[in-house]
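This report concerns helix packing and aromatic ring pairs in one protein model. Please consult the sequence and the coordinates alongside the text.

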Amino acid sequence: MSFLAPFRQLTPTQFETTWRSPSNIAFVKYWGKKGHQIPANPSLSMTLKECFSETKVNFTPSDTLSVELYLEGVKEDKFSQKIEKYLRSLVDFPWLQNISFKIQTKNTFPHGTGIASSASGLSAFALCLTDYLFHLSGEKNNFYPTASYLSRLASGSACRSVYGNFVSWGDKSDFVADPAEFHPDFLQLKDSVLVVSGEEKKISSTSGHGLMLEHYFSEARYIQAKKNFESLSSSLKSGDLEHVGKILECEALSLHAMMLTSPNPYTLLRPNTLAAIEMIWAFRLETKLPLYFTLDAGPNLHLIYPESCQNKIHTFISHELSSLTQRVIHDERGEGPSRC
Ligand code: DP6
């Protein structure tokens, strides 16, 4: 990518920066890769507001690359190793191998809630890294494309978190995400996360992507995802919430159908996920209110609805769905990351 040219040869100096970056929920799912962190189909997400990571990075010149990561003040060797592996893979920036990284990070939401902490945490780290590249090089342009590019290499869905509102990836470019057009009505969109189970998932998303390589239905899935992407993009522009909702649910169920029908079949759905889906469908039929759900790679449901129905939907959640859930996290569309 030509915008990375100014960063290839730099001399490290001491630097410190802190960024907040939100999680995002995919409306059209990224599921399957072709090559290293290249999506097999376009995806589109809504950036969240309240669920974010705040990450501070200290960069210190050193003879060798080293990473020390603290999550909520506790040293985490597993995450340090993951970041170190990622930094070693950035071979276009050889000077990064002469830095010692101290990373202090925290999330506003608990682990295992169906809210992607890898999207917020890794985009927050990539934003700090981008800040450092721009500081050392004096570069002024393409800050967010650079941050999106570096986020993608850490975790695909993280590349969409560097922008607010609605964000696409794999449509205009496979390498960076782009802001998507949307109708002003969708500024009011809410996302209430029903935490059905907080257990660590048995199969990671990265392994799930891998299973798509030998999946009997993968080609059909990529055609469906592309069609859903185009259809959702146009409903997002026209303000057609009913159509957005239809695609949301189709995408959620298709994602989980891919897991159920993969060469090594598995499911991340729990009985209470299905019970809640049945209740949402019955509620919608009865009240005609625009309440829709989506799912990430996990058992927890994201309920998507406009602010105009918030009171009725909160009542429905607390009266009828709460017995199926461990907790509920109320979030909404957000504006994207910020430097602290
Ligand atoms: C179901 O971005 O976590 O959330 O690129 O291997 O880190 P890696 O995968 P990841 O996959 C996310 C899958 C998803 C759908 C989505 O966010 O589009």
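This is a predicted model: local features need pLDDT of at least 70, side-chain atom pairs count only at pLDDT 80 or more; totals for chains, interfaces and linings use all residues.

**Helix packing**

Two packed helices are described by the angle between their axes and the distance between the axes. The table gives these values for the two helix pairs discussed here.

| Helix pair | Axes come within | Crossing angle |
|---|---|---|
| H1 (residues 77-89) and H2 (residues 117-137) | 13 Å | roughly 50 degrees |
| H7 (residues 271-287) and H8 (residues 310-321) | 12 Å | roughly 140 degrees |

The axes of H1 and H2 cross at roughly 50 degrees, and H1 is therefore oblique to H2. Their crossing is right-handed. On the side of H1, the contact is formed by Lys82, Ile83, Tyr86 and Leu87, while H2 contributes Leu122, Phe125 and Leu129. Sorted by class, this contact comprises six nonpolar residues, no polar residues and one charged residue.

For H7 and H8, the crossing angle is roughly 140 degrees. Angles over 145 degrees would count as roughly antiparallel, so H7 is classed as oblique to H8. H7 passes H8 in a right-handed crossing. From H7, Ala276, Met279, Ile280 and Phe283 meet Lys312, Ile313, Phe316, Glu320 and Leu321 of H8. The contact of H7 with H8 divides into seven nonpolar, no polar and two charged residues.

**Aromatic pairs**

A pair of aromatic rings is described by the distance of the centres and the angle of the planes. Because Phe59 belongs to strand S2 (residues 43-61) and Tyr132 to helix H2, the pair ties together parts that are 73 residues apart in sequence. Both Phe59 and Tyr132 are buried.

A further pair is formed by Trp281 and Phe293, whose ring centres are 6.0 Å apart with planes at 55 degrees, so the pair is tilted. Trp281 is in helix H7 and Phe293 in strand S9 (residues 292-295), 12 residues apart, and the pair links distant parts of the chain. Are these two residues buried or partly exposed? Trp281 has a relative accessible area of 36% and is therefore partly exposed, whereas Phe293, at 0% relative accessibility, counts as buried.

Ring pairs also link Phe15, Phe59, Tyr86, Trp95, Phe101, Phe125 and Tyr132 into a cluster. Among these residues, Tyr86 and Phe125 also take part in the contact between H1 and H2.

Methods. Residues are numbered from 1 along each chain as its sequence is written. Side-chain values use heavy atoms; hydrogens and water are left out. Axes are lines fitted to C-alpha atoms, for helices over the stretch in contact, and angles run from 0 to 180 degrees between N-to-C directions. Helices (H or I, at least four residues) and strands (E, at least two) are DSSP runs, numbered from the N terminus. Angles under 35 degrees count as roughly parallel, over 145 as roughly antiparallel, 65 to 115 as roughly perpendicular and the rest as oblique. A crossing is left-handed if the near helix is turned anticlockwise from the far one by less than a right angle, and right-handed if clockwise. Contact means heavy atoms within 4.5 Å. Ala, Val, Leu, Ile, Met, Phe, Trp, Tyr, Cys and Pro count as nonpolar, Asp, Glu, Lys and Arg as charged, and the others, Gly among them, as polar. Buried means under 20% relative accessible area, exposed over 50%, partly exposed in between (1.4 Å probe, protein chains only). Rings of Phe, Tyr and Trp (its six-membered ring) pair if their centres lie within 6.5 Å; planes under 30 degrees apart count as stacked, over 60 as edge-to-face and the rest as tilted.
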